[in-house]
Amino acid sequence: MLTRTLAGRVRPLLAAAGLRGYAPRAAADLVVVGHEEPPPRTASSASAAATVSIAATAPTVLQPRVLIYDGVCHLCHRGVKWVIKADKHAKIRFCCLQSKAAEPYLRLVGMDREDVLRRVLFIEGPEAYYEGSTAALKVASYLPLPYSALSSLLIIPAPLRDAIYDYIAKNRYDWFGKDDECIVTKNKELLERFIDREEMLGGGPSNSF
């Protein structure tokens, strides 16, 4: 199971700038991702310069529980439609890998699009993210019963789960097909659950793969 600490990347930067008392909020509240532009430099003290420097790398707030998936894959799209139907409390949000909205999340976890083409990515909160079979089962854990029972499969060793996952993922285009653009644009009623819905509705090159 792939789990990595994200908040740890932020604390040393804030401490270096003299910004104390920082602590990430619960996963239900936010995910720390992305970067903000630094404020204009002014003639000031060294401490002010340090504050400007940290502002360049301080996190912004994006949504938690985001599943980033291959938007042109028919199998992946079917899976997303199934989760949306089962997720009656709308706990899970989605983002097409091919959209620009996915970029801050990828930067945060140090992954590129090729990584997510191989294994789906689920960012649960500021402390953890998951990929592959673990990501899929973590998503299931947020669904109501009986669907959440699927998460019990996490007891199976990750190498075994991922071996099956990787085999299916490698052959998914041949078995299920793919489109030239994010398939969700053909099912606009689903876009309410997508963090990149405005981008999808607006069209443009980022919808294409």
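**Exercise 1.** In which loop is Arg65 found? Determine also its backbone phi and its burial class.

*Solution.* The model is a predicted one. Step 1: Arg65 lies in the loop that runs between β2 (60-62) and β3. Step 2: the phi of Arg65 is positive, about 50°, although this residue is not a glycine. Most residues other than glycine have a negative phi. Step 3: buried means under 20% relative accessible area; Arg65 has 17% relative accessibility and therefore counts as buried.

**Exercise 2.** Carry out the corresponding analysis for Ala90.

*Solution.* Step 1: Ala90 belongs to the loop between α3 and β4 (93-96). Step 2: its phi is near 50°, a positive value in a residue other than glycine. Step 3: the relative accessibility of Ala90 is 31%, so Ala90 counts as partly exposed.

**Exercise 3.** Describe the largest pocket by volume, lining and composition.

*Solution.* Step 1: its volume is about 870 Å³. Step 2: 30 residues line the largest pocket, and Gly79, Val120, Ala136, Leu137 and Tyr165 lie nearest its centre. Step 3: at least two lining residues come from each of β3 (66-69), α3 (74-86), α5 (113-118), α6 (132-141) and α7 (158-176). Step 4: the lining comprises 23 nonpolar, two polar and five charged residues.

Conventions. Residues numbered from 1 in each chain as written. Predicted model: local features only at pLDDT ≥ 70, side-chain atom pairs only at ≥ 80, totals over all residues. Heavy atoms only, no water. 1 Å grid on protein atoms, 1.4 Å probe; cavity = no way out; pocket = protein on both sides within 12 Å on 5 of 7 lines; lining within 4 Å. Points joined across faces, edges and corners; volume = space filled by probe spheres on them. Helix = DSSP H or I, 4+ residues; strand = E, 2+ residues; numbered from the N terminus. Nonpolar A, V, L, I, M, F, W, Y, C, P; charged D, E, K, R; others polar. Buried < 20%, exposed > 50% of the residue type's maximum accessible area, 1.4 Å probe, protein only.
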